[in-house]
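Good morning, and thank you for coming. I would like to take you through one protein structure, beginning with the whole chain and ending with single residues.

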Amino acid sequence: MNLGQSSIDELQQTVDTFRSHVDQHITAIDGVSTNIQTTTAQVAAEVEEFKKNMTMSEEMGLASENIMRLDQIAREQFGGYEEVRRTVIGIVRDYDINLVRGKTIDELSQELWVSNSRYWLSYALIALAAWVNDYPELAANAVSECMHRDKIKATLFFTLLNLRFDRIPAAREWFGIYLSALDPADLPLESAVMLQAYLAGAFGRDKKMQDEVSRRIDDWIAQVAADEASRKEFVGSYRRYIEERRPSKQFQYPALQQVCSNVAQAQAMHDGYSRYALLLQMVNELDVPAVEQTDGNFKARIDKVLSDLISNYDRDEREVRDQKAYYEFVVKNDGDTQAAQTQYKTMLEQRQKGSNIGRTFLDWVLYRSSSQIDVHVRRFALSRTKRWLLSAIDEYDDALRQARPDAYALELQIQPGLTWTGTIDQTGSNGQALCGEVSAFVRDHRTSIVFFNKPNIVAGVIGIVCIGLAFLSPFTLIGSLAATLFIVWNILSKSKTFDQIVASSVNSVATASNEAAMLHQYTLDCGRVRDEVKARLQHNF
């Protein structure tokens, strides 16, 4: 008997120990389950972000490969052009110190012309050789063919060449031909070189030419600025450029993403304000000192302009350059092909409108790099169009303010069928009060959380059905007993974890409030960046 009782006592002790361990695990599981939704949402967001970053990284790699491929195509198709360019610049520089003879120039020009007979600069080289060797008829024929190939570049080239060697009357004559070939309503890309020469002081030795360039530029800008339709177009172009920039910082506010019903508005506001950093980056890039101008570096300044003219603006190579532009947008946007396609499309649309001085300046500022257009020219273009950019910033900022959410609506699911709602103000300053509200809400619904939760209701229905079926089979009472035991066990479990449910709910609201405060501070910081951009534009350009 004692042996039997001892065995029963041991069995009871084992059962009690097992129940204690089970209760401990259930308590832990229930505590963790209150955070499952938060963790799941965060993990899903991180996985999605990882996949997105992987795709963007692959797109960046492909874009870089395509840029190198197009560079190789350009070298294969236009490698001879580069040799002509180096020869021309070399002859111009060496002629100063008599390091090159007329016969040498003649031989080089003929040799390079044979392999590059379609290139306008080849004929300019022949004309240069003919002048040096005093063959006026050959020089005239070469100049005529050079002008036929590309009148704009040829006239500007000979203008700069004559300025370099202090042949002012000849330079004036060539410059007059150049200006007569320009259409202010559709300026060629090469007009950047005229402006580059002006900013580099290439016309400075002849006040008449210097004043003529200044007057022309001011007249063109005044004509555009006086037209209200043009003003709206240029302000709109600047604003569209801002809106299409990829946000400079990712939206990383997981608590708001989980419990805020208008989180899309919050993210749009965040992304909008983050773009001011990109504007500041652009302004910083163009905020460079003026070209140093001394008598000693006059020829070096003109050589730089000449080199840019013959290197960056050839029509034959422009198709390859335009193809590269898309892939450069992909790299600039860190592999975001959607943003790159939008920006590339806008750039093409902008160029297809025609190129008056306003559109030309905007193209130089927004869509040309300083390797394509001299940075001082881009700075000048920004200084003459800053009024439109400032207006665009004001319009953009007004739109941000209007779209900014007045508050953040929270929807926190305590359990299926039980959701707490509240509102965080813009600054997150009412977070403590909301924590008190959600704590009181959960405690007020203790009965439904502990007793009348969904599992207990389902188990109760099953138990009642089993009792109703007892007249058919007494075994159904086992189901009723099991349902009753489950309900008792679930009530005990929920009672033990109730305080954790309260704490988890309060923590979710507190975290969301803190993130709202952080987001508010971020917008204030971005606002200061915006103010810095405007101040720099007004005082430095």
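What percentage of the 541 residues in the protein chain do buried residues make up? The figure is 44%, where buried means under 20% relative accessible area, exposed over 50%, and partly exposed in between, with a 1.4 Å probe and protein chains only.

Before I continue, please note that this is a predicted model, in which local features need pLDDT of at least 70 and side-chain atom pairs count only at pLDDT 80 or more, while totals for chains, interfaces and linings use all residues. Residues are numbered from 1 along each chain as its sequence is written, and side-chain values use heavy atoms, with hydrogens and water left out.

The protein chain has 21 helices and 2 strands; these are DSSP runs numbered from the N terminus, helices being H or I of at least four residues and strands E of at least two.

The largest nonpolar core contains 128 residues, and Phe157, Phe158 and Leu160 have the most contacts inside it. Such a core is a set of buried Ala, Val, Leu, Ile, Met, Phe, Trp, Tyr and Cys residues joined through side-chain atoms within 4.5 Å. Helix H17, residues 375–403, gives the most to this core, with 12 residues.

Leaving aside its neighbours within four places in sequence, leucine 160 is in contact (heavy atoms within 4.5 Å) with Val193, Ala197, Ala202, Ile302, Val305, Leu306 and Leu309.

My last topic is a pair of residues. Is tryptophan 364 buried or exposed? Tryptophan 364, found in helix H16, counts as buried because its relative accessibility is 1%. Setting aside neighbours within four places in sequence, its contacts include Leu189, Leu195, Ile373 and Val377. Between tryptophan 364 and aspartate 374, which are 10 residues apart in sequence, the C-alpha to C-alpha distance is 9.2 Å.

Serine 371 lies in the loop between helix H16 (357–367) and H17. Why does serine 371 count as exposed? Serine 371 counts as exposed because its relative accessibility is 57%.

Thank you for your attention.
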